[in-house]
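I am opening a notebook page on this protein, and I will write down what I look up as I go, beginning with the overall fold and ending with a few side chains.

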Amino acid sequence: MHRNKDVTSNDAEHQERDAIRAVLSGNANAYRVIVDRHQRPIYNLMLRMSGSEAEALDLSQEAFIKAYQNINKFNGSARFFPWLYSISMNVARDYLRRKKTAPVSYEEDPEEEVGDYAEESEKMCQRLDAARLSAAVLKLPEDYREAVMLRYHHELSLQEVADALGLTLSGAKMRVSRGLGRLRLMLREQNHAIR
């Protein structure tokens, strides 16, 4: 199963590289492949930063436009997502400076059908654990939060995290490590408060 994910990922990256080459050759419509592939994580970033669905849509569009306008500056030997994420973070930071607000938490509450009590209980525990983790991640300072999200949610390598955040490799390692350390501490404190 892991192999299928790798094959699908490789196919998607190949299509993305083809789309980038096509855009650079003047085919603006090829950019749709890139937008389709990355619109959800970029929108989610903007939603976390703005706390508003409408603002998140506008900010996502702004990020994709800036990436399109600067696609000739993209290093074709690197993965595209860290580069796009870096542009998106700059758009989000500019927005926050203009609004002078802090990032806001936004949680979805998916509705699922649940079978018997044991299954319902297990799913509830998993949701609570996920909600506690999400809440703890959102409480991290922005620099640690984004490093942890890029590494573990978006599954970027540490070098790609460094590239996306404009850091050295050791700086990215430090941010991820410190972010994880703070998460562990917050979760430990929550566990003690519950008992």
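**Fold.** I counted the secondary-structure elements in this predicted model and found eight helices and zero strands. Reading from the N terminus on, I noted the order of the elements as α-α-α-α-α-α-α-α.

**Whole chain.** I then looked up the totals, and of the 195 residues of the protein, 33% count as buried. The protein exposes about 12,300 Å², and I noted that carbon and sulfur atoms supply 50% of that area. For the contacts in the protein with a separation of 6 or more, I found that 65% are accounted for by residues 24 or more positions apart.

**Tyr68.** Leaving aside the neighbours within four places in sequence, I found Tyr68 in contact with Val23, Ala28 and Tyr31. I also looked up Leu24, which is 44 residues from Tyr68 in sequence, while the two C-alpha atoms are 9.6 Å apart in space.

**Aromatic pairs.** I searched for pairs of aromatic rings, and the count came to five. One of them joins Phe74 and Trp83, with ring centres 5.5 Å apart and planes at 55°; since planes under 30 degrees apart count as stacked and those over 60 as edge-to-face, I recorded this pair as tilted. The rings of Phe80 and Trp83 have their centres 5.3 Å apart and their planes at 50°, so I wrote down this pair as tilted too.

Where do Phe80 and Trp83 lie? Both are in helix 4, residues 80-99, and they sit three residues apart, which is about one turn of the helix. Taken together, Phe74, Phe80 and Trp83 form one aromatic cluster.

**A charge over a ring.** My last entry concerns Arg151, which lies over the face of Tyr152, at 5.7 Å from the ring centre.

Note on methods. Residues numbered from 1 in each chain as written. Predicted model: local features only at pLDDT ≥ 70, side-chain atom pairs only at ≥ 80, totals over all residues. Heavy atoms only, no water. Helix = DSSP H or I, 4+ residues; strand = E, 2+ residues; numbered from the N terminus. Buried < 20%, exposed > 50% of the residue type's maximum accessible area, 1.4 Å probe, protein only. Contact = heavy atoms within 4.5 Å. Areas by Shrake-Rupley, 256 points an atom, 1.4 Å probe, with all protein chains shown as cover. Phe/Tyr/Trp six-rings, centres within 6.5 Å; stacked < 30°, edge-to-face > 60°. Lys NZ or Arg CZ within 6 Å of the ring centre and 35° of its normal.
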